[in-house]
Amino acid sequence: ARDRTVYGTTRISPRSFYTHVLTAVNSFLGILYTAVLTSVFMAHLMTPKAHWKVSDVMVLHRDLDDPTRRRVVLEGRIVLAPGRIYYDMEARMQLQYYSRHLHGPKKGEIKGALTRDLKLASGSVIVRGSMWFFQHVVDEQSPLYDKIAGDLESVTDLRSITLKVQGKDPRLQSLATVAKIFEPDSIILNDEFQDLVEKRTNDRKEERNVVVASKLSLTKKTQ
């Protein structure tokens, strides 16, 4: 405003009405510009971010902890950034599959896609840091039960599996959310995840366990 007007103790120059309007608009736009920049910066600063990564694949295999080796599990995992802790973490998984005609001339043809929830064995935790496995047990109540062909040879009519993970950031006290879709070629049969934890020695010759995030999606054949 100072480049167009001169303020005194009793008057303002120039005295033209249109100059006063132009000066007022210029002042308003200057304040508005500063307010918008500040709002955008604060919104970006206060938006919660998910400081974790979900594996790019899921594995479907017989449960190694089951002595009978009859139980089948669908498994994925998440690794959190070093030093990060989240509260009230929750995970939900949904299966989308193709529905087929059971009778009539179109028997066996696809008629649409349906969605069902997949129950997770550990779908929520109060506090989580480092790493988290999410696991669905494929029992007789699972929508996946009748879609597994043979001895884990294939999964029929699978369209996708969607995973949604959310957790409360202790710093902002707000929820961060990530959703990921796994296509059929992202479901690896008869594999298990490789171990993420490695023993490393620091400068003091002390051994400690370190989570190697680069191995998050690496798998190996089940024994």
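These questions and answers walk through a predicted model of one protein chain.

User: How many helices and strands does the chain have?
Analyst: This is a predicted model. Its secondary structure holds both kinds of element. The count comes to 1 helix and 18 strands.

User: Is the chain spread out or compact, and what is its radius of gyration?
Analyst: The globule rule gives 17 Å for 223 residues. The chain's value is well over that, so the chain is more spread out than a compact globule. Along the principal axes, the C-alpha atoms fill a box of roughly 95 × 70 × 25 Å. The radius of gyration is 29 Å.

User: What share of the residues is buried?
Analyst: A residue counts as buried when its relative accessible area is under 20%. The chain has 223 residues. The buried share is 30%.

User: How far apart do the centres of the positive and negative side chains lie?
Analyst: There are 34 positive side chains and 26 negative ones.

User: Is glutamine 135 buried or exposed?
Analyst: Glutamine 135 is found in strand E9, residues 131-138. Its relative accessible area is 18%. The cut-off for burial is under 20%, so glutamine 135 is buried.

User: Which side chain makes a polar contact with the side chain of glutamine 135?
Analyst: Leaving aside residues up to four places away in sequence, glutamine 135 touches Val73, Leu74, Glu75, Lys119, Leu120 and Ala121. A polar contact at 2.9 Å links its side chain to another. The partner is glutamate 75.

User: Is glutamate 153 buried or exposed?
Analyst: Glutamate 153 lies in the loop between strand E10 (148-149) and strand E11 (154-155). Its relative accessibility is 61%. The cut-off is over 50%, so glutamate 153 counts as exposed.

User: What distance separates the C-alpha atoms of glutamate 153 and valine 59?
Analyst: Along the chain, glutamate 153 and valine 59 are 94 residues apart.

User: What is phi of aspartate 88?
Analyst: Most residues other than glycine have a negative phi. Aspartate 88 lies in strand E6, residues 85-100, and is partly exposed at 38%. Its phi is positive, near 50°.

User: What is phi of aspartate 157?
Analyst: Aspartate 157 lies in the loop between E11 and strand E12 (158-169). Its phi is a positive value in a residue other than glycine. That value is near 60°.

Terms used. Residues are numbered from 1 along each chain as its sequence is written. This is a predicted model: local features need pLDDT of at least 70, side-chain atom pairs count only at pLDDT 80 or more; totals for chains, interfaces and linings use all residues. Side-chain values use heavy atoms; hydrogens and water are left out. Helices (H or I, at least four residues) and strands (E, at least two) are DSSP runs, numbered from the N terminus. Buried means under 20% relative accessible area, exposed over 50%, partly exposed in between (1.4 Å probe, protein chains only). A polar contact is a pair of N or O atoms within 3.5 Å; within protein, one must be able to donate a hydrogen and the other to accept it, and residues adjacent in sequence count only if both atoms are side-chain atoms. Contact means heavy atoms within 4.5 Å. The radius of gyration is taken over C-alpha atoms; the globule rule is 2.2 Å times the number of residues to the power 0.38. Lys and Arg count as positive and Asp and Glu as negative; His and the chain ends are not counted. The place of a charge is taken as NZ of Lys, CZ of Arg, CG of Asp or CD of Glu.
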